[in-house]
Every structure is written in structure tokens, then in C-alpha cells.
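Subject: Structure handover

Hello,

Here is the structure you asked about. My notes on it follow below.

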Amino acid sequence: MKSIDKEVLAGYDAGIEKDRLHKDLGLIEFARTKEILRETLPPAPAVIYDIGGGYGEYAYFLTELGYEVYLYDLSKKNIELSQKMGRELGVSLKAAEVADARNIRRPDNSADAVLYSWANHEPQYEKLKLKEIGYVLSKDYWGRGLMPEAVRRVIAFCFEEQGLDALTVGHFSKNSQSRRVIEKCGFSFVREGTFYSKPMDRSFEDRKYILYKSPV
């Protein structure tokens, strides 16, 4: 197994994620992601693995909703911050451990849902500072060209203000409207995959893309 890039790990161990979700675009990311989690996760007290979950903002949010949450992150600093947050909130996770996402020491089929960003722990991207974006638009506003413009502004903010190296995005294979938005915004196709929804007991084919700030 390829080792993790030391410079990337040093950045996370310096605490760069602390409070990111409580300012600027992070506020929108945090609010919308919580909405999506409420809509898509199985009912509490389901078991959730938050892999690469930083210092646990989402892990504690879900714990307070009644979920049994296991937090895993590669950064020792993030796990220390997570433990501090738990003490401040008076809330305990089922586990908060330093771990490589490629080698989580838990039994197969032991979680009801897993939170995980597909590119963050793949060797070819490990030196990049990257985030995954997503979007949703009410049907009442389809066909007006709003989403490509909104995504372009998010891209500009992430690259120019947040200093990211790359962004990833994905869509279900049958969602041609999302595919067109992604292609209009300059993302490059990476691969096809399968997303399994345990609550629905159904698998969906999906497609994953990446956009670099600078040509590679």
C-alpha cells in the first residue's frame, strides 16, 4: 500500500480544517450537507462510519440525532480536536480513531451507511488539496442556465479564495442534466462506478469527474 504524502498529512495535522465549516462558503456546505444527510441516511440509531471525517463536525451532528457514529481520520490532530469537541458538547462518539481509509479495521457489512469522498484517499490524488462539490436545483428553475453559472462561481471561490488544487463531482449515470452541467463547467471524466443505497437496498450506476486548478 502506497504511503500517504507527508506534506499533505502535515497540513491536516496543523489543524487547517478547524472551523472551516463555520465561515465563508463552509457555512453553505455545512447546512446543505446536513440536509442531504437527513434526507438520505437510514433512520437512527443506524451505524454510520465517517471516514476521513476530519475533527468530526458531521459525526457529532449525527450523534446528536441518535446515530451510532464511528469517526476515522488519518490526522492525529483531527482526532485530538474531535475528542476536545466531544468534551465541550458533552457528547461521545462510538469511536474516534486515527486510521487510513484504505484499511479500516471493522468487519464487513458492519455499518448501515458510510460517509466517504471517493478521491481523497486514492494515491494519484493524495498530494492534492481537494474537495468534492454537489448541487441540487428545484424543478421549477430547470432550463434557465442557473446551475452552470452557480457551479462556476463555486469553482472560482474554491480555487481563488480557498486555494484548492482540484474539485471532484459525480452524478448518477441516468442523470443527463447533471452530466451536461458538469461538462459545461470543464470537469474531466474519471471513471464509472456503483453507489449502493442500503436503506433502499438498491445500487445505482454513477460517474465521477475531476477538475484541476492548473493543467496536469
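Helices (H or I, at least four residues) and strands (E, at least two) are DSSP runs, numbered from the N terminus. With that in hand, α6 is followed by G186, whose phi is positive, near 90°.

This is a predicted model, so to speak of the source: local features need pLDDT of at least 70, side-chain atom pairs count only at pLDDT 80 or more, and totals for chains, interfaces and linings use all residues. Residues are numbered from 1 along each chain as its sequence is written, and side-chain values use heavy atoms, with hydrogens and water left out.

**Overall**

The protein has 6 helices and 8 strands. Their order from the N terminus is α-α-β-α-β-α-β-β-β-α-β-α-β-β. Of its 216 residues, 40% are buried (under 20% relative accessible area; exposed is over 50%, partly exposed in between; 1.4 Å probe, protein chains only). Take the contacts (heavy atoms within 4.5 Å) with a separation of 6 or more: 62% of them join residues 24 or more positions apart.

**A parallel pair**

Strands β2 (residues 68–73) and β3 (residues 95–98) run parallel, joined by 4 bridges. Pairing requires at least two DSSP bridges between two strands. D73 has V98 of β3 as its bridge partner. Between β2 and β3 the chain passes through helix α4 (residues 76–89), and this β-α-β crossover is right-handed. Right-handed means that, with the strands pointing away from the viewer, the path from the first strand over the helix to the second runs clockwise.

**Cores**

A nonpolar core is a set of buried Ala, Val, Leu, Ile, Met, Phe, Trp, Tyr and Cys residues joined through side-chain atoms within 4.5 Å. The largest one holds 22 residues, and L37, L41, I48, L62, Y67 and V69 touch the most other members. At least two residues come from each of α2 (25–40), α3 (57–64), β2, α4 and β4 (113–115). α3 gives the largest share, 5 residues.

What does Y67 contact, leaving aside its neighbours within four places in sequence? The list is L41, P42, P43, A44, P45, A46, I48 and L62. Another core, of 15 residues, lies apart from the largest one and includes V169, V181, I182 and L211.

**Helix α6**

In α6 (residues 176–184), S178, V181 and I182 are buried. Seen down the helix axis, they fall within an arc of 95°, so they line one face of α6. That arc is taken from the directions from the axis to the C-beta atoms. Their cover includes α5 (146–160), β6 (166–172) and β8 (202–212).

Best wishes
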